[in-house]
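I opened my notebook to look up a few things in this model. Come and read along with me.

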Amino acid sequence: MDAITESLPAIFAGAVFLLFGGGLLLWTCVRLAHRAPVAEGAHPLASATLGLLTGAGTVLLALWCFSRV
């Protein structure tokens with residue numbers, strides 16, 4: 001019972017990071033597929049690159065959190 005209690009924050013953080021990163025990657029890919037701006041008023045290449053890198057980084061952070069369970 002104690003091991004479950006100790007790993008619960010890592011599971012919660014991993015789920016949050018996975019949802020955010022997956023949503024950001026999905027949003028960025030859909031916007032790029034429709035040739036729509038990822039961020040209004042920003043340079044298209046910079047905003048797409050930043051969105052993809054941030055999404056991938058948070059998914060990797062989620063995987064790291066899940067590996068600590």
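**Ground rules.** I noted that this is a predicted model, where local features need pLDDT of at least 70, side-chain atom pairs count only at pLDDT 80 or more, and totals for chains, interfaces and linings use all residues. I number residues from 1 along each chain as its sequence is written, and side-chain values use heavy atoms, with hydrogens and water left out.

**Helix 2.** I looked up its length: helix 2 (residues 44–67) has 24 residues and spans 35 Å from first C-alpha to last, close to the 34 Å expected at 1.5 Å a residue. That expected span is 1.5 Å times one less than the number of residues. Helices here are DSSP runs (H or I, at least four residues), numbered from the N terminus.

**Buried or exposed?** I used relative accessible area: buried is under 20%, exposed over 50%, partly exposed in between (1.4 Å probe, protein chains only). Buried residues of helix 2 include Ser 47, Ala 48, Gly 51 and Gly 55. Leu 60 also sits in helix 2, but I found Leu 60 exposed, at 57%. Leu 18, in helix 1, is partly exposed at 38%.

**Thr 28.** I found this residue in helix 1, and it counts as buried because its relative accessibility is 0%. Beyond neighbours within four places in sequence, Thr 28 is in contact (heavy atoms within 4.5 Å) with Val 38, Ala 48, Gly 51 and Leu 52.

I checked Leu 60 and Gly 21: they are 39 residues apart in sequence and 8.7 Å apart in space, C-alpha to C-alpha.

Methods: Helices (H or I, at least four residues) and strands (E, at least two) are DSSP runs, numbered from the N terminus.
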